[in-house]
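Trainee: Could you walk me through this one slowly? I am still learning how to read a fold.

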Amino acid sequence: MKILFYHNLIQQAMQSPVTKDISGVLRDTLSSYKPGSTRNLQGHGFKRVCLQLFGPKGHGKSSLINSCLCVVHNLPFTNDAGAGTTAESFATARIEYKLTDTVYIVDNRGLNRLTKDERLELSAQFRNLRSTTPVDWEFELERTVNQLEDRWNNHCTDFIVPVFVHSVDFGSRINIAGTVNRNTEIVPFLRDAFEITGIFPIVVLTKIQAQNIDKAVNTVEELGSQHIFSLDNYTTTNSVRNMETDSKVLSFLHMCLQEADRGIYKKQHLNIQREFIKQAVEQIKAEMKRQKELQKK
Ligand SMILES: Nc1nc2c(ncn2[C@@H]2O[C@H](COP(=O)(O)OP(=O)(O)OP(=O)(O)O)[C@@H](O)[C@H]2O)c(=O)[nH]1
Ligand SMILES: [Mg+2]
């Protein structure tokens, strides 16, 4: 019943001219959310939901965080997440931002060359094995081992929701609206996210401006995505809040929580601690394999 309620709210928020009431209700339900609450799930052990952003450099990850922060807290736009203001500035660390007591959104270093090592690093993040520290796309096995204790003590009860952020601006390396060959480069990253978290990444297409986004939407649908949101983030040059963007941001966040609860439902009979160890072992095995490959070179 509750799921239907959320679903209807989101449908209304996405399809109809937005009313202030819907945004208000969406914001309230978000602030009262606890892991599992949209499905009335209890006893699963997850304490926080972390929306783990990933995507190429400069495509709007930090800006999406800024948008979420000002919309959820209902405050004027500020550049809290340090979105790039010059072509040279880009993030190199994972930093988490609090949306509510139980929902966090995690910034990330932008993907660069889509290498095996970037893929391994991202897998570690999806497995909840990374602290909020600088992100290095260069492979280093010790990093995983050194962070295990902290993750075990503090964060093994986080549920990770993967969110793929991509601009519809053309000319990027992973060109969502471009040729099939280039799109296939991102497929292993999306598949890893799904296999590890149980959730196919939710996609946010940014920098839509006046562009026709149909082609980009079709492409991500073909890659297997079912939940796609398109918006122009709030930025320093587009900082005035409006109902349409607010509603898109809230709808996106609600979808993340619904997907989190679907994932929690799938995992609720698992033992979280045992699952954490299993994921850590899988990651370490993959990293040792990579280390051997590198040593042979
Ligand atoms: N027009 C428009 N500009 C955007 C949008 N999102 C981000 N930008 C701009 O794009 C630039 C890069 O945005 P960031 O949010 O820093 O991108 P990022 O993915 O965090 O980049 P890295 O940290 O380098 O990986 C900034 O100048 C933003 O103002 C959007 O939806 N529309
Ligand atoms: Mg950034």
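Trainee: What share of the 297 residues in the protein chain is buried?

Mentor: This is a predicted model, in which local features need pLDDT of at least 70 and side-chain atom pairs count only at pLDDT 80 or more, while totals for chains, interfaces and linings use all residues. Residues are numbered from 1 along each chain as its sequence is written, chains are lettered from A and ligands numbered from 1 in the order in which they are written, and side-chain values use heavy atoms, with hydrogens and water left out. Buried residues, meaning those under 20% relative accessible area with a 1.4 Å probe and protein chains only, make up 54% of the chain.

Trainee: And how many helices and strands are there?

Mentor: The chain has 10 helices and six strands, taken as DSSP runs numbered from the N terminus, with at least four residues (H or I) for a helix and at least two (E) for a strand.

Trainee: What order do the strands take in the sheet?

Mentor: The open sheet runs E2-E3-E1-E4-E5-E6 with mixed pairing, where two strands pair if DSSP finds at least two bridges between them. Strands E2 and E6 each have a single partner strand, so one side of each is left without a neighbour in the sheet.

Trainee: How do E1 and E4 run, and how many bridges join them?

Mentor: They run parallel and are joined by seven bridges, and Leu53 stands opposite Val163 in E4.

Trainee: New topic: is Gln279 buried or exposed?

Mentor: Gln279, which lies in helix H10, is buried, with a relative accessible area of 11%. Not counting residues up to four places away in sequence, Gln279 touches Arg127, Leu129 and Ile196, a contact being heavy atoms within 4.5 Å.

How values were computed: Buried < 20%, exposed > 50% of the residue type's maximum accessible area, 1.4 Å probe, protein only.
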